[in-house]
Amino acid sequence: MKIVVCIKQVPETNNVKIDPVTHNLDRRGLAGVMNPFDKNAVELALNLKDTTGAEVALLTMGPDDYAESVREGMAMGADSGYLLSDRAFAGADTLATGYVIAQALKKIGDADLILFGRQAVDADTGQVGPIVAEFLNQPQITYAASLRMSGPNEVTAERLLEDTKQTLVAQLPAVVSVRSELNTPRYPTPRNIQLSFEKPLTVWHHDDLDLDDTRLGQSGSPTVVTKVYAPKPVKRELTPLTGTPSEAASQLIKALKERQLI
Amino acid sequence: MSKPELWVIAERRLDHIEPTTQQLITKARDLAGDSFKTVVILLEAATDHLEDELKPYGPDEIRVVRDDRFPTATDAEHADALQQLVETYHPNGVLFGATITGRSIAPRLQAKLQTGLTADALGLRYDGETLIAVKPSYGDNIMCEITIPERRPQMVTVRPNTFVAEEAAGPAEITTTTVTFHPVARLQVTAATPVVNTATTVGDASRVVALGRGAASAAMVNHATQLAEKLGGRIGVSRPLTDQDRFTHDDQIGQSGNTIHPELIINFGISGAVQFLVGMQDAKTIVAVNSDPNAPIFDVADYGYVGDAQAFMTALLAQFN
């Protein structure tokens, strides 16, 4: 069995600032790490590797420094990695990203299970998994809360909708995105960190893939970001509650009664 | 020349309509003005009448497609049916709830249609025929305005509870149409069961007791549970408390989680990170209790107490008793 886990590198903190002059995001000095939700997908793959001997590959698209996250996943235990890196891919939205990822998956070939984290913590869309599933014409199970092999070529998963639990059975190949509650990702061991540098990391550029150039990067992206800003909460006039906790609590109860809230 | 259509894709939740659908109808009517026709797309079983739950919200039209396979259809089957409808009627905009279901079906439809999809929007407006969606990023620390200038339809998933559903007089003309149901092999929904104990989520609660880093002790959680019961409400938490076993991201306010607008929220030990404030600032009455007089939460609160959260909580509970 072959599993490909699609991962993304994200800034290590979400405390990004807007440059007051250019109004662009100021990401200077922010180190990149593997998207935390993707580690749950890597863990699921490694778990299946432990129990079934599956082969686990990682796949990401981004600048050359995204190799760090691929190494991190290989240090967790993945067998190999693919980095899709080209200036032509830059500025891609979810549709253009999903296209290149899908084309790379076709080239990798024969993946039985394609895994994604629930969403990236920076852009928060969770769209690339279903887009890839559609482009590959594969069934999808999103937001899986559990997943097990229920046959030689079949997985059974539970999906938690807002107030419903669904059980789904998929015959492979299939695309699955996982919830973070699914597992606790393992840490790289010193031995696996050492081994990770001997594992193959393949970098594919534009010409290595079969691509329609009109579907790439910024020009292949239907969405356009027209404005970026920091949200400003709306200020209210504060009535202070004063005195001892008991006095302040009785002021609050009086106010809530006046507002017919209690 | 008929008006361009703005669609709301109705979502089923067990035997009812998911509330985000009604919220989106109200917002769509507001967006449409005199320039667009609001159409709700409803895929249901032959004997269903979920349109009855949509009609009071007054869209221009409720377009129903009936097939007994829809209630248990997979994401790909839903997306296939919606693709056929889009290619027949060519809507200008298509709105989904950013529920798990909406966020799973919409991107598949987007990929079929090769158009744009903005995720998890918190705001929507039209500029002419261009739909501008406000999308949070970086855990709600940053807002982006996103448009889809050249392709149609303009697709958006909208965060639940961002808009308030209001009943309205409107034509609500019910029409039926058909699609060809293409069953997708290799995936079966074998069971669907209601999850107990989530009858009220923090997003649905009209009264919320919110706990943050300064109110994270077991005693505080215990007291907050009692207070929430007395108020007929629910506990919500800021991000640090989601590390505790008893809370999950579903209990979290703000941060790509729940945007809430309860009648009342009482915040204990929450200083007020931007994403939290934005997530709860539509509450009608906001109370803040924090030991730091400079905490940003006081800027958006109606009532504030500077002092020990535990002491205030104890006093408040005692007086409720």
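## Strands and sheets in a predicted model

In strand E4 of chain B, B:Val39 is the bridge partner of B:Trp7. This is a predicted model.

Start with that strand. E4(B) pairs with strand E1 of chain B, residues 5-9, in the parallel sense. It also runs parallel to strand E5 of chain B, residues 61-66. On that side, B:Ile41 has B:Arg63 in E5(B) as its bridge partner.

Now chain A. It holds 6 helices and 15 strands. Its C-alpha trace spans about 70 × 50 × 40 Å along the principal axes. Of its 262 residues, 46% are buried. Take the contacts in chain A between residues at least 6 apart in sequence: 70% of them join residues at least 24 apart.

One open sheet has 10 strands and mixed pairing, in the order E13(A)-E7(A)-E6(A)-E1(A)-E8(A)-E12(A)-E9(A)-E10(A)-E11(A)-E13(B). From one strand to the next, the twist averages 25°.

Within chain A, strand E1 (residues 2-6) runs parallel to strand E6 (residues 55-61). There, A:Cys6 stands opposite A:Leu59 in E6(A). Helix H1 of chain A, residues 36-52, lies across E1, E6, E8, E9 and E12 of chain A. H1 runs at about 145° to E8(A).

| Strand pair | Bridges |
|---|---|
| E1(B) and E4(B) | 5 bridges |
| E4(B) and E5(B) | 6 bridges |
| E1(A) and E6(A) | 5 bridges |

Definitions and conventions. Residues are numbered from 1 along each chain as its sequence is written. Chains are lettered from A and ligands numbered from 1 in the order in which they are written. This is a predicted model: local features need pLDDT of at least 70, side-chain atom pairs count only at pLDDT 80 or more; totals for chains, interfaces and linings use all residues. Two strands pair if DSSP finds at least two bridges between them. Helices (H or I, at least four residues) and strands (E, at least two) are DSSP runs, numbered from the N terminus. A residue is buried if 20 or more other C-beta atoms lie within 10 Å of its own, exposed if 12 or fewer, and partly exposed in between; C-beta atoms are placed from the backbone. Two residues are in contact if their C-beta atoms, placed from the backbone, lie within 7 Å. Axes are lines fitted to C-alpha atoms, for helices over the stretch in contact, and angles run from 0 to 180 degrees between N-to-C directions.
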